[in-house]
Amino acid sequence: MTTLLEVKDLQARIAGNTILNGLNLTVNAGEVHAIMGPNGSGKSTLAQVIAGHSDYEVLGGSVTYMGKDLLELEPEERAREGVFLGFQYPVEIPGVNNAYLLKAAVNAKRRHNGQDEIDAFEFLKVARERMALLGMDASFLNRGVNEGFSGGEKKRNEILQMAMLEPKLAILDETDSGLDIDALKAVANGVNALRNPERAIILVTHYQRLLDYIEPDHVHVLSKGKIIRSGDKSLALELEDKGYEWVQEAASA
Amino acid sequence: MSTDPNNIESLVNRRYEHGFITDIESDSLPPGLNEDVIRAISAKKNEPAFMLEWRLKAYKHWLTLTEPEWAHLHYPQIDFQDISYFSAPKSDKDRPKSLDEVDPKLLETYDKLGIPLHERARLAGVAVDAVFDSVSVATTFKEKLNDAGVIFCPFSEAVIEHPELVKKYLGSVVPHRDNYYAALNSAVFSDGSFVYIPKGVRCPMELSTYFRINAANTGQFERTLIIADEGSHVSYLEGCTAPMRDENQLHAAVVELVALKDAEIKYSTVQNWYPGDENGKGGIYNFVTKRGDCRGDNSKISWTQVETGSAITWKYPSCILRGNNSVGEFYSVAVTNNMQQADTGTKMIHIGRNTSSTIVSKGISAGRAQQSYRGLVRVMPQASGARNHTQCDSLLIGKECGAHTFPYMEIKNPSARIEHEATTSKISADQLFYCRQRGISEEDAVNMIVNGFCKEVFKELPMEFAVEAQALLNVSLEGAVG
């Protein structure tokens, strides 16, 4: 099995507050990992640090992605190398056409890989296919990026971007938050359709609910910036039943 | 107004840096302004008596005026006696002999803008005999225009060849009494363009095409007059996306448009004069008066401007909606970066019945630049059924720039419908990170966001120019982030 991502003893802070305290995580190709934990445990910080957000300062440890030191790369280089972050709060970019951003992103990656840029016709064809897969209306392409989108539309748009960019490692940060059940199902179906043996997916989530639809291979519980317990999907169910305090107590005992 | 002595010195020195070298050519006048200078300008141009009288009247009026200081602009006092008001075009021996002698940085910019090779030489001021092609192309255009009855010539030629038209329309939209710079321009204008479109004629080409190939250095006091006779139509494009070599620091142009009954004039500008360096040193001062008169019923005048250059921009292309059902439009993108300052906007004066106007202003500020939108919508008592929609958006990049809005409305007819929308936004770090996480570089992300912001205005530009204007914005904002 190929190791895609190896996080070792990662420590990071934002605005003077240390959030990650020696986090270890190994993710292999083809796997789906769920990272769960209470608010403030460091779930989103982990996602942002892997993506390279400059507000977060790495204090120690390492992140190795496909044998490379990921922390050395600029955010856009990480993206072109196949790291994708589905944002918890996708930002609106008024006036910029959704299709335009998508095409620019796809071409940035293709150039990076020494491929020719995709032409407009081919792009539209592929985009329409992927949108059908996600149950998205074609009019999405002509709207401003996330401009006036509902919560569900924004999350679906994230999954569309993932579908177009075909990342090797996708981190979906609370993709389930703020979704009604239909939207959740649509997003989960999209993610499931994108599962394959070469691709790893990290689901950052607060609730077990998402895992009813996307079945993880591994479940980790994060607390105070560390993974305190790992297991298979049954761990998520147990958490649902007993709450986070149960693991936290067990860990400190 | 700041009076830093160093600034004044550099301003003054700059004028001599390239302009007057040891062998002052007989065709140049020494710095200074008085009646004799104006007589000399008029004589050198072989102007008829009416033109000289007009100039002198303007000059006498100018003497009674003081420089306006109401604009939100700061610059050292200009010494008008330190400027030469007539200098013949540079002779070929002073110009670069070929592109090899041109500043490589300038050439790099042309490259980024996608300026065709044959145009680069002319833009960079390479000696005329090294610029091929243009003469024959221009002749072809000229024939086509002649066939349509369109008059399109240098202003100085129009004064001699078509004095009746010049007499009738010159100063009829922007009288010499209009303002300080208009009075100065009226007294000393160097040259410019004259356009007359006869009744019912649709000008067979964008006048831009011809202009871009043929325009010589028209000097710092440009005068343009465009008359669209009844039922005619013309689209005129002024300026160029490429940075133009120019040694004059002060520019004070006047543009007058007259649209008679059922006529339409579309006037597009791309202004990219030297903006000065990142500390604000050097750079063109651009004080322009542009006004269109929708004189006839159902006439329409549309201004579109993309302003990226100059250290100081003072410019308010306006429409007088005199004819019933006449339409005025103003679409503007203004970019200020580094230390640039712009005070720009429009005036829409509703006089006729059922007149309507649209204002879309997009201002982008980066670096330490300051930008102001200044607009006036005036509805006169007799202008029943007037409508105006104003949209005024500002985009800030970085923390040290500023955007200001001064909208004035004077509504004297109760039936008027006036709408004003204004927004101010910033390119946020979140937006940039979002784009970068998708693999798009920061610079490309800024360009994408800026172009999205300006879309409504760019779609008003002639097609090929819209593409160049986008590239121009990208170049203008280089280094604005990070």
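In chain A, strand β3 (residues 32-36) and strand β11 (residues 218-223) pair in the parallel sense, with four bridges between them. Within this pairing, His33(A) has His218(A) of β11(A) as its bridge partner. The model described here is a predicted one.

The β3-β11 pair of chain A belongs to an open sheet of six strands, whose order is β6-β9-β10-β3-β11-β12 and whose pairing is mixed. The edges of the sheet are taken by β6 (83-86) and β12 (226-231) of chain A; each has a single partner strand, so one side of each is left without a neighbour in the sheet. On average, neighbouring strands of this sheet are turned by 20° against each other, direction ignored.

Stepping back to the whole chain, eight helices and twelve strands are found in chain A. The radius of gyration of chain A is 18 Å, close to the 18 Å that the globule rule gives for 253 residues, so chain A is as compact as a globular protein of that length. Its C-alpha trace spans about 60 × 40 × 40 Å along the principal axes. Of the 253 residues in chain A, 45% are buried. Contacts in chain A between residues at least 6 apart in sequence were also examined, and 72% of these join residues at least 24 apart.

Two parallel pairings involve β6(B). Strand β3 (residues 223-228) of chain B is joined to β6(B) by six bridges, and the two run parallel; here Thr224(B) has Val255(B) as its bridge partner in β6(B). Strand β8 (residues 285-294) of chain B also pairs with β6(B) in the parallel sense, over six bridges. In that pairing, Val254(B) stands opposite Thr289(B) of β8(B).

Among the helices of chain B, α12 (residues 442-458) has 17 residues and reaches 22 Å from its first C-alpha to its last, close to the 24 Å expected at 1.5 Å a residue. A kink of about 40° is present in α12(B), centred on Gly452(B). Gly452(B) is itself one of the buried residues of α12(B). The run from Ala445(B) through Val446(B), Asn447(B), Met448(B), Ile449(B), Val450(B) and Asn451(B) is likewise buried, as are Phe453(B), Cys454(B) and Val457(B).

Val166(B) lies in helix α8 (residues 163-169) and is buried, because 22 other C-beta atoms lie within 10 Å. Leaving aside residues up to four places away in sequence, Val166(B) touches Ala158(B) and Val159(B). The C-alpha atoms of Val166(B) and Leu225(B) are separated by 8.4 Å, with the two residues 59 apart along the chain. Asp36(B) and Ser326(B) are 290 residues apart in sequence, and their C-alpha atoms are 43 Å apart in space.

Technical notes
Residues numbered from 1 in each chain as written. Chains lettered and ligands numbered in written order. Predicted model: local features only at pLDDT ≥ 70, side-chain atom pairs only at ≥ 80, totals over all residues. Rg over C-alpha atoms; globule rule 2.2 N^0.38 Å. Buried ≥ 20, exposed ≤ 12 C-beta atoms within 10 Å, placed from the backbone. Contact = placed C-beta atoms within 7 Å. Expected span 1.5 Å × (residues − 1). Bend = angle between axes of the 7 residues up to and from the residue. Pairing = 2+ DSSP bridges. Axes fitted to C-alpha atoms, helices over the stretch in contact; angles between N-to-C directions.
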